[in-house]
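Subject: The structure we talked about

Hello,

Here is the structure I promised to send over.

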Amino acid sequence: MDDADSLVISSDPLHPANLIPELCQSFYHLGWVTGTGGGICIRAGQTDDKISFTGGGLRYIAPSGVQKERIVPTDIFVLPYPAPQTPSPHTDRVFLRRPRKELKESACTPLFWNAFDLRGAGSCVHTHSQHAVMATLLWPGETFEISHQEMIKGIRIGGMGKALSYLDTLVIPIIENTPFEEDLKDSMAQAMKKYPDAAGVLVRRHGVYVWGADWEKAKTQTECLDYLFEISVKMKLVGLPTLLGEQNGA
């Protein structure tokens, strides 16, 4: 095993290279990453002789265009952080480790970097959930909003701060889709700056990006948001308001 492979071969079940395949398989069964879409990135730090899961030196990223439920640790890309600014996720990046197979890093990479650069996140999840897509279709403006739902308490301010309360209104910005995923980077960054309390960004007719301080919090918030997208769509379709006190749907 060479030095690069040592970055993804570990008996520790919590090592990012082991977690990413496990989580992608779970996300697949939830309908979040079907058809090879979606993915996850996890941050880890590196000391002289081992990997620390509280640092910020490495980013572990799932490959693009593969069956997400069949990913194995040796399919994972490892990149240093911070990385050079580049126009495309598939050119001029510095890799600490690439798979031997002919795989490309996730097209989500520049979007994941937004979560790290602008929020200091430890992990970012991208799903193609139908609930998220439907929410972007039923909320034609630049935000999705819902209030007075218990699951709002599972969302943190900015994805990283204290938890929202039952009385808070959840606001998630919506940006327009582009033909190439990497081209969403700037509009996603603008939305994150405009809505600093948001824990994610919806992409119309596409899906959602959600981040957290670590993979557990990113996963939990993605689950809570997906629940809220689903129930809000059902409420909207039967004519119930998603903001308490409104006469019509939000």
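First, a definition: a polar contact is a pair of N or O atoms within 3.5 Å; within protein, one must be able to donate a hydrogen and the other to accept it, and residues adjacent in sequence count only if both atoms are side-chain atoms. Please keep in mind that this is a predicted model, where local features need pLDDT of at least 70, side-chain atom pairs count only at pLDDT 80 or more, and totals for chains, interfaces and linings use all residues. Residues are numbered from 1 along each chain as its sequence is written, and side-chain values use heavy atoms, with hydrogens and water left out.

At its start, a side-chain oxygen of Asp-214 comes to within 3.2 Å of the backbone nitrogen of Glu-216. The helix covers residues 215–237, and its 23 residues should span 33 Å at 1.5 Å a residue, which agrees with the 33 Å between its end C-alpha atoms; the expected span is 1.5 Å times one less than the number of residues. After α5 comes Gly-239, with a positive phi near 85 degrees.

Now the salt bridges (a side-chain nitrogen of Lys or Arg within 4 Å of a carboxyl oxygen of Asp or Glu). The count comes to 7. One of them is inside α5: Lys-234 pairs with Glu-230, with the closest N and O atoms 3.2 Å apart, and the two residues are 4 apart, about one turn of the helix.

Another joins Arg-97 and Asp-5 at 3.1 Å, N to O. This pair links distant parts of the chain, 92 residues apart: Arg-97 is in the loop between β5 and β6, and Asp-5 in the segment before α1. Arg-97 counts as buried at 2% relative accessibility (buried is under 20% relative accessible area, exposed over 50%, partly exposed in between, with a 1.4 Å probe and protein chains only). Asp-5 is buried as well, at 9%.

Best wishes
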